[in-house]
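Please view the sequence and the model together while reading the notes below.

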Amino acid sequence: MLTQYCHESINEWIGDVVKGEETKSSDTYDKGTPFFAYYATPWPHAPIYAGSPTQKPEYGYNYDTHRWEKTGKEVSVGQGATGAGIYADCVTEFDYYLSELFYNMQELGVLDDTVIVFTSDNGPALQGSTDDLRGGKYTAYEGGQKVPYYIRYGNNQYMNSGTKVSAQATNVDLFPTLVELCGIKGLVGEQVYDAMMPFDREIDGVSMNSLYLPDEQGKFTEYIHGQSRPILYMKREKIKSVSYSIPKNEALDMIIGSEVKIINSLGVSQTYTVTKEMAEEYDFIQSQSYTVWKYFRQMQNDNPAFPDKSRKNWLICLSDDWGENYQRADMFPLIAKDLNSTLSQWEKKLSKNRRGINAAYYNDGTKDYALYYTTLNAEKRS
């Protein structure tokens with residue numbers, strides 16, 4: 001019954017904070033105090049578990065009224081509820097308690113005032129589906145890294161309507177996103193700054209808000225992770241892979257005129273030059289304003305039949321190959337070189353400053369924070 005216990009604990013805590021009542025930890029908050037709740041469910045992590053079979057009142061979301069409602073029916077929760085095994089029972093139980101939590105927050109009057117984020121830390125291990133993605137937990141393949149991500153902010157018209165965003169993002173992007181979205185401000189001298197971030201460290205994440213909140217001209221950012229802010233696939237403090245988006249024109253500049261070397265079926269090496277006419281046939285590039293690329297310098301093979309094999313100098317275009325099925329380093333050598341170079345740069349950066357300490361902050365005797373903060377933001381915008 002651990003899922004129920006976790007749910008009841010966080011549900012009760014939120015209620016106490018919102019109502020201004022004393023919590024179990026004897027803390028007291030003023031009524032209406034903003035709160036941050038981190039709900040780290042242990043499921044569906046192994047050992048998989050679901051509670052005892054029981055019947056619970058069913059909750060449903062009414063898309064006409066945009067409210068959670070009690071349907072008047074009951075639903076089975078716990079062991080044997082789905083008939084699809086303990087894994088499905090476990091996930092369904094967690095899903096049920098989330099619906100109850102959202103209903104209770106609605107009744108407290110804080111659901112639409114609250115930014116709700118639902119995500120995971122990695123792909124499945126022994127059970128669960130990655131659909132067409134390669135790999136699973138503990139691998140740098142997309143099946144181990146790409147996870148569900150939902151964000152809801154009921155009082156924001158752009159974040160409550162089922163909008164889908166296909167751009168890449170990573171969990172470290174949550175920190176700057178929430179700081180900005182919640183309007184957290186900071187005071188430096190007499191200057192008040194919006195979306196105040198810490199000065200003493202480098203911030204790995206990039207705010208995702210521009211992906212789903214339009215600017216003053218009503219435009220959205222297409223992607224946030226380009227070459228200067230790539231996504232790093234890490235394992236045991238080592239970079240296993242790097243990925244970022246490249247605008248169409250930049251990609252074509254690296255493709256047209258490049259020398260491609262191939263080895264034919266007789267083992268003979270051949271070379272050809274990619275012409276503009278040839279590149280015009282690459283629909284996966286021509287039909288989009290940018291493409292997403294990923295590079296492995298060396299990665300273990302995920303096929304148990306060949307455990308001694310590995311993938312080396314492996315370039316993937318995630319825009320049309322989320323399953324990471326086809327190697328394109330030979331086809332697009334300059335793009336592979338570009339990502340390999342970026343990977344090397346970040347390896348050097350991490351080796352020199354693994355903790356991300358901002359030396360300028362500590363070495364600046366004048367501590368001109370206002371100037372530093374203004375300069376920092378200008379660099380990020382560029």
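A pocket is an open set of grid points with protein on both sides within 12 Å along at least five of seven lines. In this predicted model, the second largest pocket holds about 240 Å³ of space.

**Second largest pocket**
- The lining consists of 13 residues, and those nearest the centre of the pocket are Asn122, Tyr138, Thr139, Gln145 and Met234.
- Helix H3 (142-145) and strand S7 (231-235) are the elements that contribute two or more residues to this lining.
- By type, the lining residues are five charged, four polar and four nonpolar.

**Helix H6**
- In helix H6 (residues 248-255), Ala251, Leu252, Met254 and Ile255 are buried.
- These buried residues line one face of H6, because they fall within an arc of 160° when seen down the helix axis.
- Asn249 and Asp253 are exposed on the face turned away from the buried side of H6.
- The cover over the buried residues of H6 includes strand S8 (238-247), helix H7 (276-279), helix H8 (283-286), strand S11 (290-300) and helix H9 (333-352).
- After H6 comes Gly257, which has a positive phi, near 90°.

**Nonpolar cores**
- The largest nonpolar core has 26 residues, of which Ile246, Ile255, Trp293, Leu315, Phe332, Ile335 and Leu339 touch the most other members.
- At least two residues of this core come from each of S8, H6, H8, S11, strand S12 (310-317) and H9.
- H9 supplies the largest share, six residues.
- A second, separate core comprises 21 residues, among them Tyr141, Leu174, Leu211 and Leu318.

Notes
Residues are numbered from 1 along each chain as its sequence is written. This is a predicted model: local features need pLDDT of at least 70, side-chain atom pairs count only at pLDDT 80 or more; totals for chains, interfaces and linings use all residues. Side-chain values use heavy atoms; hydrogens and water are left out. On a 1 Å grid over the protein atoms alone, a cavity is a set of points where a 1.4 Å probe fits but cannot get out, and a pocket is an open set with protein on both sides within 12 Å along at least five of seven lines; lining residues have an atom within 4 Å of a point. Grid points are joined across faces, edges and corners, and a volume is the space filled by probe spheres set on the points. Helices (H or I, at least four residues) and strands (E, at least two) are DSSP runs, numbered from the N terminus. Ala, Val, Leu, Ile, Met, Phe, Trp, Tyr, Cys and Pro count as nonpolar, Asp, Glu, Lys and Arg as charged, and the others, Gly among them, as polar. Buried means under 20% relative accessible area, exposed over 50%, partly exposed in between (1.4 Å probe, protein chains only). The arc is that of the directions from the helix axis to the C-beta atoms. Contact means heavy atoms within 4.5 Å. A nonpolar core is a set of buried Ala, Val, Leu, Ile, Met, Phe, Trp, Tyr and Cys residues joined through side-chain atoms within 4.5 Å.
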